[in-house]
Amino acid sequence: MADFTYENPFGKPEEPSFMTVNHDPECIFCKIASGEIKVELAYDDEHVAAFNDINPQAPHHLLIIPKKHIPRVGDIGEEDAHLLQAINRAAVELARKLGVFDEGYRLVINSGDNGGQTVYHLHCHFLAGRFMRWPPG
Ligand code: 5GP
Ligand code: ZN
């Protein structure tokens, strides 16, 4: 894992608008966050981005990721606590954009193998558009 600071000499951030990241060059979500792999972003701000899950489990299934490479939710340090707020802000904006804020949606963060995590770059699943059963599998 390499740390680097990206400084855009032209002043305006490229798409997506990341500036300083902890970046793992092998990580698929880092590649999406850095723009190396191009995907349509449903949400993009300084800290987080959101895009459609490749294998959707609901009519709306997006992944909200921090631009910084943090493997698991439990790896969020004090200095990154704002990222949880940034993820929630993105979720609220997506819910309003998709018109599901009032009917409801589900946010899921899987952690570790028993938690069902398969990609070790923190991500929050945003699921909406159908009734969500409980308990989850
Ligand atoms: P996890 O199982 O780690 O909680 O969730 C990983 C999610 O990432 C899965 O829902 C999977 O479908 C999705 N995913 C894995 N690789 C890619 C990819 O390359 N692009 C997109 N858009 N989603 C991916
Ligand atoms: Zn990563």
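**A cis bond, a sheet and a core**

Tutor: Pro 135 lies in the segment after β7 (124–128). Helices (H or I, at least four residues) and strands (E, at least two) are DSSP runs, numbered from the N terminus.

Student: Which peptide bond is cis there?

Tutor: The one from Trp 134 to Pro 135, with omega near 0 degrees. This is a predicted model: local features need pLDDT of at least 70, side-chain atom pairs count only at pLDDT 80 or more, and totals for chains, interfaces and linings use all residues. Residues are numbered from 1 along each chain as its sequence is written, while chains are lettered from A and ligands numbered from 1 in the order in which they are written.

Student: OK, new topic. What order do the five strands take in the open sheet?

Tutor: The order is β3-β4-β5-β7-β6, with antiparallel pairing. Two strands pair if DSSP finds at least two bridges between them. β3 (43–44) and β6 (105–108) are at the edges with a single partner strand each, so one side of each has no neighbour in the sheet.

Student: How many bridges join β6 to β7?

Tutor: Four. Arg 106 stands opposite Leu 127 in β7.

Student: And which residues touch the most other members of the largest nonpolar core?

Tutor: Val 48, Ala 50, Ile 64, Ile 65 and Phe 126, out of 21 residues. Such a core is a set of buried Ala, Val, Leu, Ile, Met, Phe, Trp, Tyr and Cys residues joined through C-beta atoms within 7 Å. Buried means 20 or more other C-beta atoms within 10 Å of a residue's own, placed from the backbone.

Student: Which helix gives the most to this core?

Tutor: α2, with five residues.

Terms used. A residue is buried if 20 or more other C-beta atoms lie within 10 Å of its own, exposed if 12 or fewer, and partly exposed in between; C-beta atoms are placed from the backbone.
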